[in-house]
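Please open the structure in your viewer and keep the selection tool at hand. The tour below moves from one selection to the next and says what is there at each stop.

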Amino acid sequence: MTQSALSPSRTTSLTGMFGYTFSPVGMIALVVILFWAVVAIFGPQLAPYPVGKIVDMDYFGPISSKLWLGSDYLGRDMFSRIIFGARYTLGIALAGVLIASTSGVILGMAAAVIGGWFDTVLSRFMDAMISIPSKLFGLVVVAAVGSSLPALIMTLAVIYIPGSYRFARALAVNVNTMDFITVARIRGENTFYLAVSEILPNIIRPVLADFGLRFVFIVLLLSGLSFLGLGVQPPLADWGALVHENIQGLSFGSAAVIAPSIAIASLTISVNLLIDNLPRKIRDRSA
Amino acid sequence: MSKIVEIRNLRVEATTDSGRRIEIIKGIDIEIAKGEIVALIGESGSGKTTIALTLMGHTRPGCRISDGSILVDGKDMAKLSERERSAVRGTEVAYVPQSAAAAFNPSQTIMDQVIEVTRIHGLMTPEKARERAVELFRALSLPSPETIGTRYPHQVSGGQLQRLAAAMALIGDPKLVIFDEPTTALDVTTQIDVLRAFKSVMKAGGISGVYVSHDLAVVAQIADRIVVLKGGEVQEKGTTDAILSAPKHAYTRELLAAFEPKETQFAEQPIEKPRPLLEIENVIGGYGPIQPNGLPFIQAVRSVSLSVQKGRNLGIIGESGCGKSTLARCIAGILPANAGNIVFDGKELDHAARRRTRDQLREMQIVFQYADTALNPAKPIDDILGRPLSFYHGLSGKARSARVEELLDMVQLPKSLRYRHPSELSGGQKQRINFARALAANPKLIICDEITSALDTVVAAAIIELLKELQRELDLSYIFISHDLSVVEAICDEIVVMYRGEKVEHLTREDVKAPTHPYSKLLFSSVPKLDPTWLDNLVLEPELVRQYGGA
């Protein structure tokens with residue numbers, strides 16, 4: 001590319017720090033996620049009331065200076081319940097999605113690089129897994145081993161591994177046909193090097209985007225399982241459960257329904273926005 | 001003479017991802033008279049396609065016309081609204097893209113796509129449009145013009161598709177047609193048919209044309225005038241004859257010089273025949289399920305034998321689909337050969353690369369055509385060159401870093417490039433890195449698979465010079481695969497001609513001017529010469545063409 005000294009001044013916004021462009025949308029999303037992370041970690045210190053204590057004589061009480069987000073269907077403080085719920089929603093979903101995406105991506109890349117029988121058998125097995133309805137699977141597992149946090153996390157992870165595997169394998173298969181993989185193969189490199197060093201850096205962006213989407217799915221599925229009574233056990237509740245248990249409040253326009261919904265929406269949308277707007281390296285270095 | 005196109009002081013600027021503006025076209029003036037064909041020639045990045053696109057009022061994403069006027073038949077394309085521009089496109093200005101295969105919709109018949117322009121602009125009834133299309137097919141000397149329109153794009157060959165793309169452009173009776181490297185992706189034997197068809201149709205219709213290319217010899221056949229571009233500026237313009245016979249600008253001379261490879265001293269043929277470095281015997285390779293006789297369903301390479309002497313080069317030449325790349329893959333073990341022997345440096349090699357020893361793999365390296373896909377885009381050059389060093393030679397830290405710099409030096413690239421990613425390099429630089437990676441293994445034999453085909457003439461010539469120089473220093477042997485005879489001639493001691501998976505002729509330097517096999521004759525005579533009258537005077541034996549040409 002030809003250099004030209006036409007425009008010496010660079011744009012002086014958030015863009016262009018440390019050789020990366022930062023999008024303002026991504027930054028806002030990051031702030032929201034950090035906010036919820038802080039809430040999740042320091043929840044018990046922040047909450048004004050204990051999670052299960054009935055503090056209001058009325059149910060679906062309005063927003064007041066005492067109860068910042070009103071009260072729920074039993075008269076408990078909604079604000080405290082959301083703060084406590086953050087821990088479960090964020091923690092379970094994050095652990096679940098980490099296990100699901102990591103194992104899915106590793107298996108997907110291995111299938112693409114090794115190919116042959118390994119790929120066929122693994123892919124058909126994953127197809128079979130996809131055909132099981134996720135809620136039903138959750139019901140069976142939790143009914144069999146009982147509801148505990150580790151069981152819940154593992155169930156969520158297992159449900160979402162096949163999707164992640166399919167996605168990563170499709171990407172890796174495309175990269176696998178590139179000449180640089182052929183070059184590495186006839187150099188004599190092993191499968192591990194091919195997957196981790198040659199393929200992974202080329203699929204990491206879409207894989208992260210998928211990670212964000214899957215996080216959202218897990219939050220939603222977790223809410224569903226909680227509704228069925230298989231998720232977080234009362235009196236604790238994750239955000240999805242908060243929406244479900246207060247659903248009758250909808251006709252009263254109660255904040256008890258809207259507030260946890262907003263919490264879920266703000267977290268899931270922020271995760272997606274952040275992943276879509278990760279800092280990009282500036283390729284134009286001639287300036 | 002009236003002008004159909006007048007470009008005045010055209011400037012186009014692009015915005016980079018750091019928000020910086022750079023000017024990519026820096027004040028260009030071009031005029032085209034009615035019925036004249038003007039060629040825009042220059043290396044990649046010289047702005048030739050950008051200028052051609054502005055004639056339709058189009059710029060690629062991120063670019064904009066910042067100054068100047070582009071008068072096409074009296075209308076300033078830069079100032080028209082988008083709606084007015086789309087009225088002009090297809091009817092007054094038409095475009096023939098480089099890759100017709102990508103320009104056609106695979107799920108519609110050819111006829112529907114060719115007459116689409118007349119439907120969009122409401123030029124004529126579908127029946128009339130079909131008649132007109134058949135006329136054009138005939139004028140472009142397409143086979144069975146009456147029925148070819150009912151086929152789908154995958155049912156015709158690349159050369160035919162390129163002519164059909166021209167028919168698509170011509171159906172709206174444009175005053176100006178833009179050809180964007182229309183023959184670059186074609187074989188030489190096919191290229192002749194396409195060029196002839198274009199030339200006759202343009203002359204018959206008195207249509208003006210802009211022909212974008214980096215191949216001076218092709219341009220010489222079709223253009224009346226040539227504009228030489230570099231870095232977004234006009235270097236030189238003049239009639240084709242003037243440019244070819246008396247180039248004034250240094251860059252034009254360089255272009256011409258690149259076309260005629262410098263004569264080099266080749267090593268004396270050794271009196272006694274030493275043991276060959278590589279010897280392959282009756283190699284058969286291909287694709288598809290294995291048949292009961294142990295051979296693949298489609299044999300791309302049918303029983304080929306050849307040998308390479310130490311320090312000497314073998315060229316393999318043939319049109320696309322002749323099996324030359326498959327042969328290279330068989331030798332390298334990427335596609336295990338189904339039969340035959342491969343003896344390298346006195347030892348028989350396993351057919352599959354997976355079962356060869358690390359040293360055997362190290363001593364034979366392969367360099368691929370497209371440096372874009374052969375270099376991992378996610379890794380810096382340092383890692384790309386460093387990996388074979390640590391893998392084969394166990395180098396690390398300072399020693400490895402010093403060797404990387406040495407390799408960059410060998411391929412004549414600045415040391416600072418090592419921190420860059422492949423996407424930040426030019427095509428020629430990428431190909432040098434690609435080659436340096438093969439050198440990093442300290443090989444005895446390098447298989448070069450069309451390594452200059454994707455490069456401009458000047459850049460390709462520089463790469464060939466580099467290969468020769470490295471050969472002298474490092475005692476290498478090359479197998480050089482190409483469809484371009486002039487490239488192979490420039491570097492190889494012996495040339496093998498392949499056709500449909502078979503070796504049809506083996507030529508030494510002495511008899512390269514006089515091939516005996518009919519296919520070699522056709523192939524060699526189809527290479528365009530710098531002489532503007534070459535195409536008009538070219539007589540190919542019809543029998544030969546019927547048998548081997550016109551894919």
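Begin by selecting Met78(A), Ile82(A) and Gly85(A) in helix 2 of chain A, which meet Ala255(A), Ala256(A), Ala259(A), Pro260(A) and Ala263(A) in helix 9 of chain A; two residues are in contact if their C-beta atoms, placed from the backbone, lie within 7 Å. By class, this contact of helix 2 with helix 9 of chain A has 7 nonpolar residues, 1 polar residue and no charged ones, where Ala, Val, Leu, Ile, Met, Phe, Trp, Tyr, Cys and Pro count as nonpolar, Asp, Glu, Lys and Arg as charged, and the others, Gly among them, as polar.

Before going on, note that this is a predicted model, in which local features need pLDDT of at least 70 and side-chain atom pairs count only at pLDDT 80 or more, while totals for chains, interfaces and linings use all residues. Residues are numbered from 1 along each chain as its sequence is written, and chains are lettered from A and ligands numbered from 1 in the order in which they are written.

Now select the whole of helix 2 (residues 78-114) and helix 9 (residues 255-276) of chain A, which pack at an angle of about 25 degrees with their axes 10 Å apart; axes are lines fitted to C-alpha atoms, for helices over the stretch in contact, and angles run from 0 to 180 degrees between N-to-C directions. Helix 2 and helix 9 of chain A are therefore roughly parallel to each other, a term for angles under 35 degrees.

Next, show chain A as a whole, with its 9 helices and 2 strands; helices (H or I, at least four residues) and strands (E, at least two) are DSSP runs, numbered from the N terminus. The C-alpha trace of chain A spans about 75 × 60 × 30 Å along its principal axes.

Selecting residues 1-14 of chain A shows a stretch over which pLDDT stays under 50.

Finally, move to chain B and select helix 15 (residues 381-393) and helix 16 (residues 397-410), which pack at an angle of about 115 degrees with their axes 9 Å apart. Among the residues that meet here are Leu385(B) and Leu389(B) in helix 15 of chain B, and Val404(B) and Leu407(B) in helix 16 of chain B.

Notes
pLDDT is the predictor's confidence in each residue, from 0 to 100. Angles under 35 degrees count as roughly parallel, over 145 as roughly antiparallel, 65 to 115 as roughly perpendicular and the rest as oblique.
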